[in-house]
Amino acid sequence: MSIQIKTSTLEPVRNTFAHIERRFGDKPATRYQEATYDVQAETNFHYRPLWDPQHELNDPNRTALKMADWYAFKDPRQFYYGTYVQQRARMQENAESNYAFFEKRGLAERLPAEVRDLVVRFLIPLRHLEQAANLNNMYGTAYGYGTAITQALLYNAMDRLGIAQYLSRIGLILDGNSSDALQEAKGYWMNDAVWQPLRALCEETLVQKDWFELFLAQDLVIDTLMFNLFYVQLDEKLVADDGQDIAMLTEFMQEWNKDTSRWLEAVLKIAVSESEENKTLMTEWISKWRGKAAEAFAPLAIEMLGEDALTIALAELDKRVAKAGIK
Amino acid sequence: MNKNKVTTMAAKKLSLKEKYSLLTRDLDWEFSYQDRKDAFPMEEFEGIKITDWSKWEDPFRLTMDAYWKYQAEKEKKLYAILDAFAQNNGHLNVSDPRYVNAIKLFLTGISPQEYQAHQGFAHIGRQYGGVGARIACQMQSIDELRHVQTQVHAMSQFNKYFDGFQSWSNMQDRVWYLSVPTSFFHDARSAGPFEFLVAIGFSFEYVLTNLLFVPFMSGAAYNGDMATVTFGFSAQSDEARHMTLGLEVIKFLLEQHEDNVPIVQKWIDKWFWRGTRLLTLVGMMMDYMLPNKVMSWKEAWEVYFEEAGGALFKDLARYGITMPKYAALVEKEKEHISHQAWWTFYTHGHATGFHTWIPTDEELDWLSEKYPETFDKYYRPRWEMAKKLEAEGKRFYTKALPQLCTTCQIPMLFTEMDDPTQIAYRDTVYNGDRYHFCSDGCKDIFHDEPEKYVQSWLPVHQILQGNCGGPGVEQVLSDYYHFNVGADNMDMKGSPDEKRWKQWKGVA
């Protein structure tokens, strides 16, 4: 058969699917486009959910935010499943070699006792906050609208589970797999007075109903403050206290934050530039959660880093909000 | 704690179970500031009693780092093959252009349901209070997203060269026969979180998935479709995880409380019946749409349900679970349903988004051999008549729109199994309106939740009510379904698909 000769001249009948062509014109599409746009069903739902009869199964009205086209939320990373897992696999490979190096060289044993205590009291309890973040991003995945944003929320949810597990592994490295450090850290999370406002805030996020508001509360407000306080300021303190080796174990979180920030900031910008109504709504939501989060982080920030720490973190949040064109 | 403890202690070796428990189960905490029921509000309304989530046995213990690693390796291999398939015009290697219609049915009928599975598992992956079960569901959610996306990518190449793929997104929630799988998943997703998992995780993924997945993927392998079969192999290890989750949930629910047993049995009965109705489309695909046959629908049912399912239900008997209601009836149906379905699609081929055709003489002989009890007696004569009409230039299309079953939404095409010349027909009156059903099974399901099924968006009713454009069927097909009328529909013979294939292959 002369297939090879013919294939070189075989003209396609069309370049891509009809819905992709309507959006981007009659040209070859990217895999991100074909995996994302108009994948979620939009009409003719047969039955109202027993668990939420006020809404359709897929319903844009589970948030007060309004978008003319929910597929405006293009992910600048262009993550679909395949690109997402391959990118994270590279990050985990790096993390794995860091953890292996840390363990092989017995670096836990060289940590000053104060550093170990700082890590157990302040870093490891974050794994519970990460679990709340996992649930809150799953919430947006399940009740959000349009594959463009819901798939990115799912990737973020899985990232947060992964981070919770990395934090747990730090505990296991420090306690020689006895789980003592994890139990001690959980004790702080449950009972230590400086942690309680933050735990209460996490519990409060878990009973929220509006998924976009929740996205702002978790992924913008809480996460920006959390990242700055723990992975920037606490990290600096650990370095100063001769605990710089811990940074090997949190490199994954550093990379994750860089990567996720690109997406987060794009979403904010797109949502706010859609309409004045969105801008007003988002301003209200952000201000509400900024207030709650500032209170919740305050005792912890003071205990962990001192009086100015929260101010620095809040400035970081305000900068990010302003950059998105809010306020 | 002092530093000495760290320095002197050799690291303890953790078992996988202990390690997974510390990395996952231990992340949860008891609430102090909110009512936990407000955070997980959906656990009780179905009547299911969970007394202790900690009894959940994790069916697989996969941490995220391992998940990323394994799945990325699979994706790398899969996309390398999809790239090679496209570069080498792999679509030219399929056995026969009729085969491509089987995967048109897959992309339009199955892939959107993978997405619904992703959404449903995201929902319960948020709602379950037990962290172990919840995370297993989250992983299934992201796997299902993988499946829809890789299927779209695998079939993207076919879309460039064949008709009938291009409007799958618009078709999924509009086209008459696609409302069968769509309503199936809407039904599961709109149910409570435990019914969803029994419906999709157990009844569908565990009991029936081999009857969906294996036929399509083996069909691809037998018919030279490397893109689809590669996807199939790649998805298989995900499916294995999903099946263990499905089985674990059943055991967990049954062990948690004896009051759960009758509820679970009712759901198994319902979803078994709804599942077998849905699989009619697969049976038809296996017996009629694959130019190179894998096995008959009847054989598949015997291997994958009667043998494998029989053993499963024997195992579940110790919990008080019995074989699904109507399993005996389905044993009779395996002789008939694929023939009745393809005849319906053949005669409605003008309104169908893929091509239909009369089986070749060799294929008719194969069907006679595979269905010795029924094919020659009831079905072959129809095809002989259709052949005669076609030879006379009178290819037959029925003008009428079919009446649909309110529950499964399949046209009323099934017969009484003890009298294959009599269409089965059931009806009931609810709140002054009459509803029609294809079977006792579908009528039972309606009766259990009439307020749910009266909401059904029945495509034929909707056309007749003028909700799908019109005035004629042709406008519905072109403007509402987004078919390329004259290209996507009608007989394989004379279709643009067939003409192009002949050009590519250099045959007249």
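**Entry 1**

I started at S179(A), which sits in the loop between α8 and α9 of chain A. For helices I take DSSP runs of H or I with at least four residues, for strands runs of E with at least two, both numbered from the N terminus. S179(A) is not a glycine, yet its phi is positive, about 70 degrees. Is S179(A) buried or exposed? It counts as buried, because S179(A) has 20 C-beta neighbours inside 10 Å. My cut-offs are these: buried means 20 or more other C-beta atoms within 10 Å of the residue's own, exposed means 12 or fewer, partly exposed is in between, and the C-beta atoms are placed from the backbone.

N177(A) lies in the loop between α8 and α9 (180–191) of chain A. N177(A) also has a positive phi, near 65 degrees, and is a residue other than glycine. With 21 C-beta neighbours inside 10 Å, N177(A) is buried. I noted both because most residues other than glycine have a negative phi.

**Entry 2: ground rules**

A reminder to myself: this is a predicted model, so local features need pLDDT of at least 70 and side-chain atom pairs count only at pLDDT 80 or more, while totals for chains, interfaces and linings use all residues. Residues are numbered from 1 along each chain as its sequence is written, and chains are lettered from A and ligands numbered from 1 in the order in which they are written.

**Entry 3: chain A overall**

I found 15 helices and zero strands in chain A. Its C-alpha atoms fill a box of roughly 70 × 55 × 40 Å along the principal axes. Of the 327 residues in chain A, 50% are buried. I then looked at contacts, meaning C-beta atoms, placed from the backbone, that lie within 7 Å. Among contacts in chain A with a separation of 6 or more, 74% join residues 24 or more positions apart.

**Entry 4: helix α4 of chain A**

I checked the length of α4(A), residues 81–104. Its 24 residues should span 34 Å at 1.5 Å a residue, and the end C-alpha atoms are 33 Å apart, so the two agree. The expected span is 1.5 Å times one less than the number of residues.

Which residues of α4(A) are buried? I listed Y81(A), G82(A), Y84(A), V85(A), R88(A), A89(A), Q92(A), A95(A) and Y99(A). Their cover includes α8, α12 (246–249) and α13 (251–274) of chain A, together with α4 (64–87) and α7 (131–161) of chain B. After α4(A) comes G106(A), with a positive phi near 60 degrees.

**Entry 5: where chain A meets chain B**

I counted 76 residues from chain A and 77 residues from chain B in the contact. On the side of chain A, helix α8 (residues 147–174) gives the most, eleven residues. By class, that side has 39 nonpolar, 21 polar and 16 charged residues. Here Ala, Val, Leu, Ile, Met, Phe, Trp, Tyr, Cys and Pro are nonpolar, Asp, Glu, Lys and Arg are charged, and the others, Gly among them, are polar.

**Entry 6: two helix pairs**

In chain B, α6 (residues 111–127) and α10 (residues 193–222) pack at about 140 degrees, with axes 10 Å apart. That makes α6(B) oblique to α10(B). Angles under 35 degrees count as roughly parallel, over 145 as roughly antiparallel, 65 to 115 as roughly perpendicular and the rest as oblique. Axes are lines fitted to C-alpha atoms, for helices over the stretch in contact, with angles from 0 to 180 degrees between N-to-C directions. I saw A117(B), G120(B), I124(B) and Q127(B) in α6(B) meet P193(B), F196(B), L197(B) and I200(B) in α10(B).

**Entry 7: two loops of chain B**

The peptide bond from G470(B) to P471(B) is cis, with omega near 10 degrees. P471(B) lies in the loop between α20 (459–464) and α21 (473–480) of chain B. Last, I found G393(B) exposed, with 6 other C-beta atoms within 10 Å.

Key. Two residues are in contact if their C-beta atoms, placed from the backbone, lie within 7 Å.
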